[in-house]
Amino acid sequence: MPSETAIDSDTDLRRLAALHGLGLLQRGEEPVAAGDATAAADPAFDDIVQLAAAGCDAPAALFTVLGRQWLHFRGRLGLAVAAVPREGSFCAAALAQAPATLLVVPDAQADPRFAGQPLLSEGYRFYAGAVVHGPDGQALGTVCVMDTRPRDLSPLQTRVLQALARQAMALLQQRQQALQLQQTRARHEADMADLQVLQGALMDRERRLDRLGAQVPGVLYQYHLRADGSTGMPYASQGIVELFGLRADQVIRDASPLLTRLHADDVERVTNSIAASARDLTLWDSEYRICVPGRAVRWVHGRSQPERLADGSTLWHGFITDVSERKHAEQQLRERDTVLLQAQRLARMGSWRWRSAERRSEWSDETCRLFGVDPAQNIVADEDFMRFVHPEDANRVMQVHLDALAGRGAYDVQYRAVRKDGAMLVLHARAELTRDPDTGEPQAMVGTLLDVTERVATERELERHRDDLERLVEERTHELIAARDLSERASRAKGEFLSSMSHELRTPMNAILGFSQLLQLDRSLDARSAGFVHEILRAGHHLLDLINDVLDLARIESGKLSLSPEALPLADLVHEAQALVQPLAQQREVQLGPVPPAGLVVRADRLRLKQVLLNLLSNAVKYNRAGGTVRVEAVEHDLFTVRIRVLDTGIGIAAAHLPQLFQPFSRVGGAVAEGTGIGLSISHRLVAMMGGRIGVNSQPGVGSEFWVDLPGDHLADPPPPLQPAGPGAALAPQGPDAGDALAGSPAPPPPARRARVLYVEDNPANLKLLEQIVQRHVRVELLLAPSGGLGLDLARSHRPDLLLLDIHLPDIDGFQVLARLRADPRTQGIPVVAITAQAMTDDVKRVLAAGFDDYIAKPLQVPRVDALLAQLADRLAQAAADVNADDSADDSAGAPAS
């Protein structure tokens, strides 16, 4: 029996590898127990062994493969076992006799080579096997037949067996191809699966990259510079749209559109930096401007790392981000630094920063200039700084520094410094200290340094002059006090003069106008005399108006006119003024327009605003034409102002005359209308004193518009109705027009006695005038007293129903007379009316404040006095009637019933 060593070990290893590759022998299949029939045969090889058995007329046939230790049957017929030990097997002998491909053993029992053949125990003595080679020519096994009787093969059977061996070889080749195809398919499927996994991973990575890129400001990108000089951007995040106005797919193959977005001044610098980075494979880092149509120019910062590819091209990986805000902030910071440096230079103020850990300071340019140090040497150690401090101030500066570090005080010190060139100056240093938030230890100090050399010198110079200045101020103060006293005396004298002039001018006018009015009431005068009286009255009233206006103007100019501003309903005040001007308008055939709508309220002095309105309305009537109109309008000019407009259809005013219109004694183009010529001047000044403005718009031949702007206001809640304050409350209505109140009243019943009136007056003409007026009232008797003392005596003895009291008396003035009357129980209830030529506003206020029940201004208005006397007589008559009625009722009550 041949030994195992007859088979070359290398050949054996190659065969085993081929068997494993063809699937004819599985790894781990050996050892298999002898006679093990569990191993399944291959159906394809079963067909071959059946053909072999049939063609060779044998009861058993096998397709065997030679393993390391076993002979495996992959096709079998006539045997139950699947393998037998390799040692001493027919197959091993057949493969060992190469290059022969056929082994025929006629009788194994007679052949000593096969004395240990395992199949002999099965009764098989004949064996014939053809060697089967694999696709690579390696001998793998045999196709063999066996018989229990000794025999031989015929030539035909030999050819059949060899043909079947070749058929097995072809089958193995097909198996190998099938296996290879299957392996290829499996590898392809595995590759496809790997590719899908890779593609999924790539897509997932791209999605993650896109999500990350969307969160990163700017653009994440790859930039490819090919060997031929063309460029592309294989990857760009979505930020490229916002930054460059381009989509990623527009620059994948050609990145040249990006260059069109570069600012013209930056193109060359950027392209040169890219070329240098590609040449040296250095980091590309650049800031440049981009210009996208329709957008503002923006600054961007690009940074990327290059790598050289195998084809010689260069690929950068990096980012580009918008840095416009930073560049803008840097520009603003540079501008502020420039302004700060300029401001420090102009103010001669430097700045410095001291660091505790380094014990040195960093000086600004201006600080270096102050000390005469080169700005390039602006880092100064503490000991070097102290050399600049004057020796006499060094300890104080050091102590302030230590106190600030210890928290005992602020760093605020003024000291002398010696410049590097030897010049001395005075500096004022302030600083704030910063501390470590955890430990509280001092970290740094930031401060300013101000050159106060000139200021200190100036202060010293001012200190030298201070005593002289105080002396001069004291002398000047004495002079000003003396001037003030003189001015106050002059002012008082002017006020007294105005009051005296008012009295002295009005007193003779009282007699002139009073007797003229009495003459006018005399029905016995002929027409010629009545005309003379009318002219006297007209001239007298004109003279009185002139006196009033001149005194008003003088008081305004002297500052003696006081106002009492209050909230006034404008419509009511205009209605009152129109009512007073209505007779003049009817006389001149001028129609007055409607009153402005209610609701507008102005803040002004009632008396003075009424004076202004009367002046404007009377002028509008005087300078109008027959059949013309005058209307008053009022509107809210703005949020705080009400505008009053007086419009007329008169002669108008030429533009050349408008500038002089509000000057005293000015007339409109020489107009001959009556008036004093100072009414508009007074109105102008009164409106200004009330916080307003007055102006005019006019067109000759068309008319004029005078407007007044006054502060607007709101009315307060109305006060409760006033009750009569005393006996004088029942007297005539106050004001110059009250005389018309009783016109047309029915005659009262005759009183039980005549009303007694006491008139205290020192002027004989005025006494005579009032005597003539009272003679016309049969129900009134008159008592006269030429002095205050006599007036008091008559008042106590006769107890008059009304006392008319002149203010200026030769012995005691009217205020003293009134005070004594009110102090005496016998006379304190007598109504007292002041008769005064001092009819200025302040004078009237003083009269009423003193306790007079009313006042009548001189010159006397006869209708006003008539009304007062008639009302007094009616009151007495009514009182007598009430007494009689009470008596009658008493008599009726006491009479017996009938």
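Tutor: Two strands pair if DSSP finds at least two bridges between them. Helices (H or I, at least four residues) and strands (E, at least two) are DSSP runs, numbered from the N terminus. This is a predicted model, in which local features need pLDDT of at least 70, side-chain atom pairs count only at pLDDT 80 or more, and totals for chains, interfaces and linings use all residues. Residues are numbered from 1 along each chain as its sequence is written, and side-chain values use heavy atoms, with hydrogens and water left out.

Student: How many bridges join β9 to strand β10?

Tutor: Strands of a sheet pair through backbone hydrogen bonds, either parallel or antiparallel. Here β9 and β10 (residues 298-308) run antiparallel and are joined by 7 bridges. Ser286 stands opposite Gly302 in β10.

Student: In what order do the strands of the open sheet lie?

Tutor: The 5 strands follow the order β8-β7-β11-β10-β9, with antiparallel pairing. At the edges are β8 (231-236) and β9 (284-290), each of which pairs on one side only. On average, neighbouring strands of this sheet are turned by 30° against each other, direction ignored; axes are lines fitted to C-alpha atoms, for helices over the stretch in contact, and angles run from 0 to 180 degrees between N-to-C directions.

Student: Which strands does helix α7 lie across?

Tutor: Helix α7 (residues 267-280) lies across β7 (219-225), β9, β10 and β11 (314-322), and runs at about 165° to β9. Contact means heavy atoms within 4.5 Å.

Student: How is the packing of α18 and α19 described?

Tutor: Two packed helices are described by the angle between their axes and the distance between the axes. The axes of α18 (residues 788-798) and α19 (residues 814-823) come within 10 Å and cross at roughly 25°. Angles under 35 degrees count as roughly parallel, over 145 as roughly antiparallel, 65 to 115 as roughly perpendicular and the rest as oblique; α18 and α19 are therefore roughly parallel to each other. Gly788, Leu792 and Ala795 of α18 make the contact with Val817, Arg820 and Leu821 of α19.
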